[in-house]
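Trainee: I would like to learn how to read a protein model, one feature at a time. Could we go through it together?

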Amino acid sequence: MMSLTGKYAAGILLTFILLAAAMLYSNPAITLITGIRKITADHFFFSRIILWIILIIVFLYSIFVEKSSFLLKEEKKYAIGFYIKAVLSLYFICIFGGAILNAFSMFVIKEKVSDKLLNLIPIFRNNYFLITFTSLTAAIVEEFLMRGYIQSRIEKIYNPAIGIIISAVLFGILHSTYGTIAQVLGPLFIGLVFGLFYKRYSNIKVLIICHFMIDFIAMTGMNFIDIKHLSVF
C-alpha cells in the first residue's frame with residue numbers, strides 16, 4: 001500500500017500534469033468539441049471551466065485517496081486591519097517586482113510582448129463578466145492548488161523552503177505557454193512572495209484576494225492602457 005508521503009507526491013504530480021495539460025491542450029479540445037476554431041470569449045470561458053474541474057478532481061483526490069484535509073495548514077484568522085494591510089502590501093510588492101522584471105525583459109533581453117497576450121486583448125475589451133470570472137478562477141484555483149495543495153505537501157515531504165521554491169517554479173512554468181520569459185519570471189516572483197506569506201501566516205484568503213486584484217486590475221487596464229505596461233494574469 002502506498003504511504004501517505006507517496007500519495008502526496010502522486011497528488012502533486014497529478015495536479016501539475018492536469019494543469020499543464022489544460023494550458024497546452026484545452027484550446028484544441030474545446031475546438032474539437034464546440035467547433036469554435038478561433039479564441040472567442042466563449043472559447044476562453046470554457047477553458048476556465050476546465051480549471052475548476054481540475055480543482056474538483058484534486059480536492060476529491062485529497063479526500064478519497066490521501067484521506068486528509070485539502071488544506072494541510074490550518075487557516076489562521078486575523079483582524080480586518082491585517083487583511084487590508086496584507087493585501088495592499090502584497091499587491092504593491094508584486095506590482096513593483098513585476099514592473100522591474102518586465103523592464104528587464106524589454107530593455108535587457110529585448111523581448112517582445114507575448115503574441116498570445118496580444119490576441120486576448122479583443123476578447124477582454126469591455127467584457128467585465130469574463131474579466132471577473134477569469135480573475136476569480138485564477139485567484140481561487142491557482143492559490144488553492146499551488147499554495148494550498150502543492151506547497152503544503154512538498155513541505156511535508158521535504159521542508160518549507162523547498163515547498164516555497166518548487167511551487168513558485170511550477171507556477172512560473174505553467175505560464176510559459178504565453179511564450180515569453182517575462183510571463184514566466186512574473187509568476188515565479190509572485191509565487192515566491194505568496195509562498196513566503198503562506199508559510200508565515202497560513203492564510204490563503206489574503207492570497208486569493210490579492211491575486212484577484214492583480215489580475216482584475218491588469219485585465220481591466222487593457223481598456224485604458226497600452227498592453228506593454230501590463231504584467232501577467
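Trainee: Which side chain meets Glu143 in a salt bridge?

Mentor: Before we start, keep in mind that this is a predicted model. To read a salt bridge, look for a nitrogen of Lys or Arg within 4 Å of a carboxyl oxygen of Asp or Glu. Here the partner of Glu143 is Arg147, at 2.8 Å from N to O. Because Glu143 and Arg147 are four residues apart in helix α5, about one helical turn separates them.

Trainee: Are Glu143 and Arg147 buried or exposed?

Mentor: Buried means under 20% relative accessible area. Glu143 has 0%, so it is buried, and Arg147 is buried too, at 0%.

Trainee: How many salt bridges does the structure hold?

Mentor: It holds four. One of them joins the side chains of Glu155 and Lys73, at 3.0 Å from N to O. Glu155 is buried at 12%, and Lys73 is buried at 15%.

Trainee: Where in the chain are Glu75 and Lys205, which also meet in a salt bridge?

Mentor: Glu75 is in the loop between α2 and α3, while Lys205 is in helix α8, 130 residues apart. Their side chains meet at 3.3 Å, N to O. Glu75 is partly exposed at 22%, and Lys205 is partly exposed at 37%.

Trainee: Now the helices. At what angle do α5 and α6 pack?

Mentor: For two helices, read the angle, the distance between the axes and the handedness. Helix α5 (residues 128–157) and helix α6 (residues 160–174) pack at about 145 degrees, with their axes 8 Å apart. Their crossing is right-handed. Among the residues making the contact are Met146, Ile150 and Ile154 of α5, and Ile162, Ile166 and Leu170 of α6.

Trainee: What should I look for in the backbone angle phi?

Mentor: Most residues other than glycine have a negative phi. Lys67 has a positive phi of about 55 degrees, and Ser202 has a positive phi of about 45 degrees. Lys67 is in the loop between α2 and α3 and is exposed at 65%. Ser202 lies in the loop between α7 and α8 and is buried at 9%.

Trainee: Which residues form a nonpolar patch on the surface?

Mentor: They are Ile56, Phe59, Leu60, Ile63, Phe64 and Val65, with about 540 Å² of accessible area together. Leu60 is found in helix α2 and is partly exposed at 40%.

Conventions: Residues are numbered from 1 along each chain as its sequence is written. This is a predicted model: local features need pLDDT of at least 70, side-chain atom pairs count only at pLDDT 80 or more; totals for chains, interfaces and linings use all residues. Side-chain values use heavy atoms; hydrogens and water are left out. Patches are made of residues with over 30% relative accessible area and no salt bridge: like charges are joined within 9 Å, nonpolar side chains (Val, Leu, Ile, Met, Phe, Trp, Tyr) within 5 Å. Accessible areas come from the Shrake-Rupley method with a 1.4 Å probe; for residues, only the protein chains shown count as cover. Buried means under 20% relative accessible area, exposed over 50%, partly exposed in between (1.4 Å probe, protein chains only). Axes are lines fitted to C-alpha atoms, for helices over the stretch in contact, and angles run from 0 to 180 degrees between N-to-C directions. A crossing is left-handed if the near helix is turned anticlockwise from the far one by less than a right angle, and right-handed if clockwise. Contact means heavy atoms within 4.5 Å.
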